[in-house]
Amino acid sequence: MITVNHLSKTYHNPDGRSLTVLKDINCTIEKGEVISIIGPSGTGKSTLLRAFNLLDPPTGGEILFDGENILAKGYPVHKLRQKMGMVFQSFNLFEHMTVLENVMYAPVKILQKSKEEAQEEAITLLRKVGLAEKADVYPSSLSGGQKQRVAIARCLAMRPQVILFDEPTSALDPTMVGEVLSVMRQLAAEGMTMLIVTHEMKFARDVSTRIFFMYDGYIHEDGTPDQIFNHPKHSATKSFVQRIRKEVFEVDGKDFDFLDMETRINRFCLKYNIAGRMEKAIELCRLVVPVYTETGDQLTVRITYSELSGETALDFMREGDNQAPSSIKDHEFRGKLLSLCKNIIEEPTTRGFRVKLLL
Ligand code: ADP
Ligand code: MG
């Protein structure tokens, strides 16, 4: 469906300096593929999607869509935009139109459909994204997740052959990520061709036929989710997909600011969409920190989250001593901890001892 040959993009900034964001992109996308584009920020993922859609024309190379070079002079941009829909992080709905009008607008204006036909189709699409009952409200009364589902319905109304998604869930409150991902899952299951820039690693692993890992202006690695996530060939891919999110607290004695720690744990859990583990994490800290700091020792507490495995853990680490405090061994105390976590792992470290609680 799409073939990209030696695509490049250089931005010439007003200060005279230039920045080559896409260096040499080569890829082929078949009909029905769901490709997730992952990689650190600033590596050109959005630039690549905008190049596909001619929102930001590349400076070199070619993009063949159904055999035609869309970068050739005179290629009709409106025809391309019809075939290739795009969903943005920021929804971009028309605020002065109702939800229904938003979805009907382009089919009437661009495809010259009758109002009746466009309305009927719009309602079917709104039903598909679970928002039929919101047809007559204005976008301002919708939640972020609902707005994004309307944006997807609006995109589908043009009957595109491929949809480009640029971080469709990054602007959403974590509680709303799931509803948008589930609409996207449904589209993938129906065979829609999709290119998705995302930070949702589990989603990318579950729905994609292929993953592009972008790094330094290239598609650094292109493979099945199994290859990219479980057997990456390149070290940059490996360190990106296996990265662990963490927040560290140095607890020094009794005057430690617990409230600040709890606030930061809260924020951490919200950020990585693990709000369900927040209360347990805080409760466990309240139980373990006093035990560890009884003798006034310095303690390092760390909350970690692996995006790929979904594993969340709390580490309590102390230097100098190669034993856990005796209370940790106490039967009743262990029982209390185990009622809040899945497992307790105790192990010596190079400089001391660590108790890891798996949430
Ligand atoms: P990603 O989506 O992977 O985070 P982007 O494609 O948005 O990365 O951006 C890649 C690089 O290109 C960044 O360094 C960014 O600052 C730069 N860039 C993006 N858009 C422009 C622009 N319009 N002018 C100049 N530089 C830009
Ligand atoms: Mg981006």
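User: Where in the chain is D56 found, and is it buried or exposed?

Analyst: In this predicted model, D56 sits in the loop that links α1 (45-52) to β4 (60-65). Its relative accessible area is 13%. Since the cut-off for burial is under 20%, D56 counts as buried.

User: With which side chain does the side chain of D56 make a polar contact?

Analyst: Neighbours within four places in sequence aside, D56 is in contact with K9, Y11, R50 and A51. A polar contact, at 3.2 Å, joins the side chain of D56 to the side chain of R50.

User: Which element supplies the largest share of the shell around ligand 1?

Analyst: The shell around ligand 1 has 13 residues, and the closest are V21, G42, K45, S46 and T47. By type they divide into four nonpolar, seven polar and two charged. Both β2 (18-29) and α1 supply at least two residues each. The largest share, four residues, comes from α1.

User: How far is a polar side-chain atom of T47 from an oxygen atom of ligand 1, and what share of the ligand does the protein bury?

Analyst: Backbone polar atoms approach oxygen atoms of ligand 1 at G42, at 2.7 Å, and at G44, at 3.1 Å. For T47 a polar side-chain atom is involved, and the distance to a ligand oxygen is 2.5 Å. Ligand 1 taken alone exposes 560 Å², of which the protein buries 64%.

User: Which element gives the most residues to the largest nonpolar core?

Analyst: That core has 38 residues, and L126, I152 and F165 have the most contacts inside it. Two or more residues come from each of α3 (99-109), α4 (115-128), α5 (144-156), β7 (162-166), α6 (177-189), β8 (193-197) and α7 (201-207). The element that gives the most, with seven residues, is α6.

User: Which residues does I152 touch, leaving out those up to four places away in sequence?

Analyst: I152 is one of the residues with the most contacts inside the largest nonpolar core. Leaving out residues up to four places away in sequence, I152 touches V87, F165, V180, V183, M184 and L187.

User: How many residues are in the other core that lies apart from it?

Analyst: This other core includes F268, L299, F333 and L357. It lies apart from the largest one, and its residues number 36.

User: What is the phi of F91, and is F91 buried or exposed?

Analyst: F91 belongs to the loop between β6 (84-87) and α3. Most residues other than glycine have a negative phi. In F91, which is not a glycine, phi is positive, near 65°. Its relative accessibility is 14%, so F91 counts as buried.

User: R159 also has a positive phi; where is R159 found, and is it buried or exposed?

Analyst: R159 is not a glycine either, and its phi is about 50°. It is found in the loop between α5 and β7.

Methods:
Residues numbered from 1 in each chain as written. Chains lettered and ligands numbered in written order. Predicted model: local features only at pLDDT ≥ 70, side-chain atom pairs only at ≥ 80, totals over all residues. Heavy atoms only, no water. Core = buried A, V, L, I, M, F, W, Y, C linked by side-chain atoms within 4.5 Å. Buried < 20%, exposed > 50% of the residue type's maximum accessible area, 1.4 Å probe, protein only. Contact = heavy atoms within 4.5 Å. Polar contact = N/O pair within 3.5 Å; in protein donor to acceptor, adjacent residues only side chain to side chain. Near = heavy atom within 4 Å. Areas by Shrake-Rupley, 256 points an atom, 1.4 Å probe, with all protein chains shown as cover. Nonpolar A, V, L, I, M, F, W, Y, C, P; charged D, E, K, R; others polar.
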